[in-house]
Amino acid sequence: MAGPHPPTDGDLLPILHVDMDAFFVAVELLDQPELRGRPVVVGGSGGRGVVAAASYEARAHGVFSAMPSEQARRLCPHAVFLPGRYARYSEVSAAVFEVFHSYTPLVEGISLDEAFLDVSGAHRLFGTSPEIAASLRTSVLEEVGLTCSVGVAPRKLTAKLASEAAKPRASLAGTVRGSGVHVVTEADELGFLHALPVRALWGVGPATAARLARLAVRTIGDLADVPLPTLERTLGAGVGRHLHDLAWARDHRRVVPVHVAKSIGHEETYAHDHVSHETLDRELVRLSDATATRLRAAGVAGRTVQVKIRFGDHRTITRSVTVPEALDTGTALARLARPLLLGEDVSEGVRLLGVSVSQLAPSAERQLSLEDAGPSSWADATRAIDEVRGRYGAASIVPATLVDRGRGPRVKVRGDQQWGPDQGRAET
Amino acid sequence: MELRCERDVLVEALATAGRATASRGGSLPVLGGVRAQLEGDRLFLTGTDLDLTIADAITVAGLEDGVAVLPGRLTVDIVRALEPGAVHLNTSGEEAKIASGRSQFSVRLLPADDFPRLADAATEEVTLDAAGLADALRQVVRAASHDDARPILTGVLMAAEGDGLRLVATDSYRLALRDLRGASVLSEGQSVLVPSRALGELTRLLSGADTVTLRLGQRDATFEIGDTRLTTRLIEGEFPNYRQLISGSQANQLTIGREPLLDAIRRVRLLARESTPVRLSLRSDGVELSAVMQDVGQAQEDLDAKYEGAELVIAFNPEYLADGIEALAGDEVSFEIIDALKRVVLRSPESEDYLYLLMPVRVS
């Protein structure tokens, strides 16, 4: 559970990183206990779906998240494939976060199944940080029925890496239980960090790792030994300095209770490539509308609209535009997104389209428009739409372009298609 | 076609016509070119992107008449880079040779037959004072939208108003209006919508000119300044009804020195990046200008002013605010303010001909 130097009284270790074990799969097993012990894969079932989560039994066969579902099927044909139920996962996640909040108000959710907790104010009530970590694991198991792994460390950087070290491991002989809690003290911190592969660091992807490999950097310790100027030359000044700091455990990010999104958006992978601007335009309106609804629900508006296009050959481009007024209506987003899409040649086929909004600000601060002065402005109409949707559901009002003749309106719901299109879904 | 011409004269004319060429190749590559036609000693240069056309004529030493379409940007860059002195231009077949001193370039021509045939300008013409029009355009064009998704707002309304011409532009956040008295260009009730991009180009051409001749057709407008002619397609559609916005109450009235206010905005803007709003706190004894930039800091400045009305705080996009104040003439600016969420009208107490209407930023 702890490194060579057990925590002393001076070790406050304020940060906990809690990561649910195989969360989506664990929720499915909770609801269908008969699947326990079998390889289970949650994710898109269509030809282009990706794995969202795999049970440790499936992981033992080499299945991991973000892998194409097709490949997972080849590796582990006897696995149970489940489509994923985002709404249910949100519900369970809320229950888990409630447990977190019973220890400290300083909870920063990273995703449904992962959060940072600052417990520096909780010691008098609940004991030392390692004690809190153990108690929290027990509470989550008792109250929600799920297991999690907890990293305890002086900083976010090492807490996150520590929770990874506490995780169960998959093996063909069965799941190897993890320690559940891994504590990294001030004295152990650099030793722990430097032994890890450089890929474990946030922000080191395949491209950066390849460049670092040319400097013979394999571990974070190797990285720490590279002189800063060399690193800045190799990776650019910003990234170079950033990674140098991380390698020396210099991470001053605090736990920010309410996770403030930098961007909000929606994207969708299609079962068949779309080649006509007309079809894509309809999709764009749908995605814009869904994005706007989420913006308004979050009480923010954004000034930068980005369109993401992935072509049939996986080449991905993004195009964005920034306007003076922060926007939160589907009409406004689609109006800005449309020329970005029209400017691209889509004849080779588009497999994924996305719309997102960034430069977010609380929507209370808004450049007013002369249209606001008019009697029937778009802003008013949009507010009315949200009220109707709140009462009658997302499909009750949609832009006219989204109504398929004979099939009724198609609306983007969060989590719907999160991991690629379903099999039976016919695309127009 | 063969000619000789002084480098500077040729560069200027090529660049003028080149400003109307299509910036991106698009579907018609020839629109990236400048058409050159030599008749005796007159060289006519034309660039167009179909919406905007600029034609210029210069006197050269003509050696052989002819027509060719030169690659616009490249030719301008080449000629500009040559040593000062005479430039020799010679086109034959698909190639143009550009030579000066010991430099020699040959560039491939664009197919002259593809160059669009341009409509003749309307015959009826009106002459306007160039400086007056340039001043009005400077005040109004700034308020037009650059958002191509809203074509109507990218235009400037030119409408008959009383015995004069009224120019109006809005991007829906602010609106600028200028009356040019005595300039009767349009008949009563008539109005046209002219792309602001064309008027921006026109403003450049107007500098130094005495007069400008305007010819209005059904679908386009032509401005002639000396030997240079600018033709623009008109925008079709209905301009928003702005009259209801400029009429109405003037509950609170602020009068403040123009330069001190502009200077204060410039200072506060050091902190207020992009569109961080600047707040005006209005009290009977003066105005406080402030901006708060999250995680960076804040700025604040007190200004002398005359204010009659209820104490209130109103916030603006600093760029839009400065734009309006800059456009006003005179030493003082007056603000007509209803409340923190309604349009504000900026005027100069010295002149009734111009107003700038601005929507505030809602804060908190």
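Okay, one definition to start: two strands pair if DSSP finds at least two bridges between them. Helices (H or I, at least four residues) and strands (E, at least two) are themselves DSSP runs, numbered from the N terminus.

This is a predicted model, where local features need pLDDT of at least 70, side-chain atom pairs count only at pLDDT 80 or more, and totals for chains, interfaces and linings use all residues. Residues are numbered from 1 along each chain as its sequence is written, chains are lettered from A in the order in which they are written, and side-chain values use heavy atoms, leaving out hydrogens and water.

Now the interface. On chain A, 16 residues are in contact (heavy atoms within 4.5 Å) with 23 residues of chain B. On the chain A side, β11 (316–327), α14 (330–342), β13 (366–367) and α15 (370–373) each give two or more residues. The largest share, three residues, is from α15(A).

Which strand of chain B does β13(A) join? That's β27, residues 361–362 of chain B: two bridges link them, and they run antiparallel. In that pairing, A:Gln367 has B:Val361 in β27(B) as its bridge partner.
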